[in-house]
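Work through the exercises below with the structure open. Each task is followed by a solution in steps.

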Amino acid sequence: MTTVVPTSEEDAALSVVRFASELAWADAGPEVAEPQVSRLCMEAEEFIAMGKWLELASLMITSAELIFSKVSEKDIESVFTIICNLVTKTENPDEVMEIVKVITAKIIQQPNEKPAMRLKILINLYNLLETPYCQFYVYMKLLNLSVDGKVTEYIIPSFKKIDSFLKDWKIGIPEQRELFLTISNILKENKSMSKDAFKFLTNYLATFLEEDAHVLSEAKDEAARAIVEFVRAADIFQVNVDYRGKIPVFGEQHQKHLKSSTTCDLLFLPAVAQLEKDAKYALLYQLLKIFLSQRLDAYLDYHSANSTLLKSYGLVHEECIAKMRLLSLVDLCIDESGQIPYELIRDTLRINDDEVELWVVRAITAKLIDCKMDQMNQVVVASHPKDRVFGQNQWQELRTKLVTWRPST
């Protein structure tokens, strides 16, 4: 079988055209194939001479796509390395973008045919690019190909570098939305990465901070999903979303909330807050409020009235009770000035006397509270409990402390 052996940059492109076209026309017989191969090579020579790199890319990729099932992976990689290198031949960023579109369109066309190799080709293309938006464009194609070709395990490690990528790409809000939601959807399929999936989902919701009601409505379903995921997660108790320095525009009841902050609690994100009066999701928003600001008895009342709704979202009553017990214990530590009688814990968490210390230990293990158990006096002495919602009251407390400390510094 013919192998691609380029001797120069021009010869490399012509070698690919000849190699791919000969394979593409091999079944037609020499009388038909030879004129077609010669024609394609002549066209390629003309494009090279005239510097028509987009036209050359279109010519090369059309034949090359046909060889995936006919040659070794080594030859596929060689062919597409030469094709991808065409993006370095022009200094026109618009032409580079068009070449990228031509190449990626063909690569992702058959995602189930050698998907890992197709990913490798796109990664090679990405590394050749200098234009930030072109890099982002190819990365999104990588994500989509990994999903369609069922090879997401190859792309997931790159998610750790997203913050760095964003600095380089300098993409707008719509592109960030697409990126965050795509990554979240990839990660949610992997149960061991549910926490990361939730993080990217809340990042997606945070991009709606300055939008009007019409645009906000696009995020309703994902906001509802975020609530369900938060309630379900056994290891997520507080959600402070980084909104990258933007000033949120809240509804009337939230106008004074977090004016000088760079984080925002899930409850007050506009994309989530809009659900409070939504016909479909109002009850779900009510559930979030319970988990972020109320105690177990409120949840039990809610369950009595909405057990079918909870089941429809796949929420397990016993798991919800366990999480609410921990959150209720945090609430006691905040409200009881640091000293909580065992009896009060027992009654609030609706547990037996011999279970009180067990639940305190669970809260300590989850790093929700810092406390000591005074078994002699049957009290828990707590210090530095985490606020369940960092809202207007918490900011006011912080301001007061800063004002108090200022004269002594």
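The exercises concern a predicted model and cover a helix pair, a nonpolar core and one histidine.

**Exercise 1.** Describe how helix α5 and helix α6 pack.

Solution.
- Two packed helices are described by the angle between their axes and by the distance between the axes.
- For α5 (residues 93–107) and α6 (residues 115–128), the angle is about 170° and the axes are 10 Å apart.
- Angles over 145 degrees count as roughly antiparallel, so α5 is roughly antiparallel to α6.
- The crossing of the two helices is left-handed.
- On the α5 side, the contact is made by Val100, Ile103, Thr104, Lys106 and Ile107. Arg118, Ile121, Leu122 and Leu125 contribute from α6.
- By type, the residues of this contact are 6 nonpolar, 1 polar and 2 charged.

**Exercise 2.** Which residues of the largest nonpolar core touch the most other members?

Solution.
- The core holds 139 residues.
- Tyr139, Phe159, Leu179 and Tyr299 touch the most other members.
- Helix α16 (residues 317–335) supplies the largest share of this core, 10 residues.
- Take Tyr139 and set aside its neighbours within four places in sequence: the contacts are Tyr126, Ile155, Ser158, Phe159, Ile162, Phe165, Trp169 and Leu179.

**Exercise 3.** Is His303 buried or exposed?

Solution.
- Locate His303 in helix α15 (residues 296–312).
- The relative accessible area of His303 is 19%.
- Buried means under 20%, so His303 is buried.
- Not counting residues up to four places away in sequence, His303 touches Leu310 and His317.

Notes:
Residues are numbered from 1 along each chain as its sequence is written. This is a predicted model: local features need pLDDT of at least 70, side-chain atom pairs count only at pLDDT 80 or more; totals for chains, interfaces and linings use all residues. Side-chain values use heavy atoms; hydrogens and water are left out. Axes are lines fitted to C-alpha atoms, for helices over the stretch in contact, and angles run from 0 to 180 degrees between N-to-C directions. Helices (H or I, at least four residues) and strands (E, at least two) are DSSP runs, numbered from the N terminus. Angles under 35 degrees count as roughly parallel, over 145 as roughly antiparallel, 65 to 115 as roughly perpendicular and the rest as oblique. A crossing is left-handed if the near helix is turned anticlockwise from the far one by less than a right angle, and right-handed if clockwise. Contact means heavy atoms within 4.5 Å. Ala, Val, Leu, Ile, Met, Phe, Trp, Tyr, Cys and Pro count as nonpolar, Asp, Glu, Lys and Arg as charged, and the others, Gly among them, as polar. A nonpolar core is a set of buried Ala, Val, Leu, Ile, Met, Phe, Trp, Tyr and Cys residues joined through side-chain atoms within 4.5 Å. Buried means under 20% relative accessible area, exposed over 50%, partly exposed in between (1.4 Å probe, protein chains only).
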